[in-house]
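Here are my notes on the model, jotted down as I went through it. Have the viewer open while you read.

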Amino acid sequence: MKKRSWKIFEEIREGNLITFEYVFRKYYSTLCNYASKYIRDLDTAEEVVQELFYRLWEKRDKLNINVSLKSYLYRSVYNGCLQYLNHRTIEIKYEDYYRKQDKEYNDDALEALKMQELNEIINNTLDSMPERCRKIFLLNRFEGLKYREIAEKLSLSVKTIEANMGKALKLFRRNLKNYVEA
Amino acid sequence: MKRYRENKIRWGLLARYLSGESDNEEAGIIKKWINSSNENNILLKNIKADWEKINSIKNMKKVDVDSAWENVKQRILNSDKGIIPVPERAMVNTAKLFLYRSLRLAASILLVMGLAFGIYKVFVTPYLDNNTIVKSGSDNTSRLILPDGSQVYLNSGTLIRYANNFGSGSRQLFLKGEAYFDVTRDNDNPFTITTNDVLVRVLGTSFNINTRASNNKTEVFVESGNVQLSQKDNPDNNILIEPGYIGALSGKTLNKSKNNDINYMSWKTKYLIFRETDLQTVAEKLESVYNTSITLGSQEMANCKLTATFNNASLDSVLKVIEGSFNLQIENIVKTKDKVIIVGNGC
């Protein structure tokens, strides 16, 4: 389900809750991780991100966004974090504060956008794999199981595990080729 | 393994190696393969990097997306705004049920209101003046709900006038000053606002009208929906203004332009955003939002750049931030109360 930004905005503006849910599910996790760089507590970071999405929906008919959906969301989360921190840091030197934060924003946002992109590539690659291949790969890379353990768990031969891991590796290489780190 | 050919990439073997499943013999084969060509060497480096990237995703903090979405969805479905404009096809079943119940409730409320209004109209109206005039104070904004349910926020020093039978057959009012309208939709009953120079006609939408824009022209800024703006003396001369645009009459020409002022609605929202904004512009904005007069002590000061966000802050606290940012001295002339002088050497 790939959609262009403007199409997504258009559908959200029209009140399409399904498109909105699609956007939410796509970005929620990385946005929370991004917010938790500013707000140490992950629960609060989640609250900030949820609030952002709620408000986004609430004012959807007034949306006038000229940037990409991604940058819009990251900018909003950043602002949301600042606002949250603002409530707790009154009476400080605003200029220094904002300058510092603005510089940090540029660095962190770039980092987060890269992370988002990477996350997308990896998830898309996982999605494009045959079911068995994906299962094997996840068990090995994400749950740390040995080939033999996976073979036993799935009642397959170690050779099959090896072949599927190779297939996964090849797919990742193909898809990550275009992802360039700055 | 001995039948290994140079040009064919053996992904299975490489995956074993990266996963730490290879024994010494296999590791030896891999080393040989790497050394056999620069291309192979680079490839191995790349796939090692891929492996690390996958690991970095794995290390992301886990959040429960399902329950988070459930939270947000519930909030959306519970708020009025989430329900009414949502096309049915985009809604889940519970939402449909909720919509149905809301509509049923709304219908019964409307019925009661309608009866009350009918009684009011027949028995009470004849004994009242023909016009209602509402005026806001010189230094505060106010909000009012019109008989048709439309909301109006009046900026300071603003007057509106409407007939007492407003809502029956027509919805017309006169405006002087600045106001924001959130008009209840009624296709059979257009909402019309008259100012000194223009006529604004809508069905249901939200927009801001300022009759005190430069040269005392009327300016209309549309937030949502469409607004028809016409010359008062010649209603055939009209244009349609879309969200995000400002329409105005200049001579006999109606024109519209995109609104670039992020703080256009600050008088109502009390939300101000400055990003590297020069102090001159900041001062002008503060003057209109806080209905005060601000004088900058020196020319250099006008070029100081302020970056700050204020949400419903008092003028005092805004000034404090400016003072803190630039080490200026601010002299608030208390005697007149509506005048601020910012003294300092600039940045």
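1. Let's start in chain B, with Asn312(B), which sits in the loop between strand 17 (305–311) and helix 9 (315–326). Keep in mind that this is a predicted model. The backbone at Asn312(B) has a phi near 55°, a positive value in a residue that isn't glycine. That's worth a glance, because most residues other than glycine have a negative phi.

2. Lys270(B) is another one to look at: its phi is near 60°, again positive and again in a residue other than glycine. Where does Lys270(B) lie? You'll find it in the loop of chain B between helix 7 (266–269) and strand 15 (271–278).

3. On to the interface. How many residues of chain A are in contact with chain B? The count is 56 residues of chain A, against 62 residues of chain B. Putting chain A and chain B together buries about 5500 Å², and carbon and sulfur atoms give 60% of that area. On the chain A side, the residues that lose the most area to chain B are Arg141(A), Leu169(A) and Arg173(A), together 13% of what that side buries.

4. Now the charged pairs. Over all chains the count comes to 14 salt bridges, and between chain A and chain B the count is 4. One of the pairs is Arg25(A) with Asp66(B), where the closest N and O atoms are 2.7 Å apart. This pair crosses between chains, running from helix 2 (residues 17–35) of chain A to helix 4 (residues 65–78) of chain B. Glu51(A) also forms a salt bridge, with Arg75(B), and there the closest N and O atoms are 3.0 Å apart.

5. Last, the surface. Which residues form the positive patch? They are Lys170(A), Arg174(A) and Lys177(A), plus Lys8(B) from chain B. Lys8(B) belongs to the segment before helix 1 (11–18) of chain B.

Technical notes
Residues are numbered from 1 along each chain as its sequence is written. Chains are lettered from A and ligands numbered from 1 in the order in which they are written. This is a predicted model: local features need pLDDT of at least 70, side-chain atom pairs count only at pLDDT 80 or more; totals for chains, interfaces and linings use all residues. Side-chain values use heavy atoms; hydrogens and water are left out. Patches are made of residues with over 30% relative accessible area and no salt bridge: like charges are joined within 9 Å, nonpolar side chains (Val, Leu, Ile, Met, Phe, Trp, Tyr) within 5 Å. Accessible areas come from the Shrake-Rupley method with a 1.4 Å probe; for residues, only the protein chains shown count as cover. A salt bridge is a side-chain nitrogen of Lys or Arg within 4 Å of a carboxyl oxygen of Asp or Glu. Lys and Arg count as positive and Asp and Glu as negative; His and the chain ends are not counted. The place of a charge is taken as NZ of Lys, CZ of Arg, CG of Asp or CD of Glu. Helices (H or I, at least four residues) and strands (E, at least two) are DSSP runs, numbered from the N terminus. Contact means heavy atoms within 4.5 Å. Buried area is the accessible area (1.4 Å probe) that two parts lose on being put together, summed over both.
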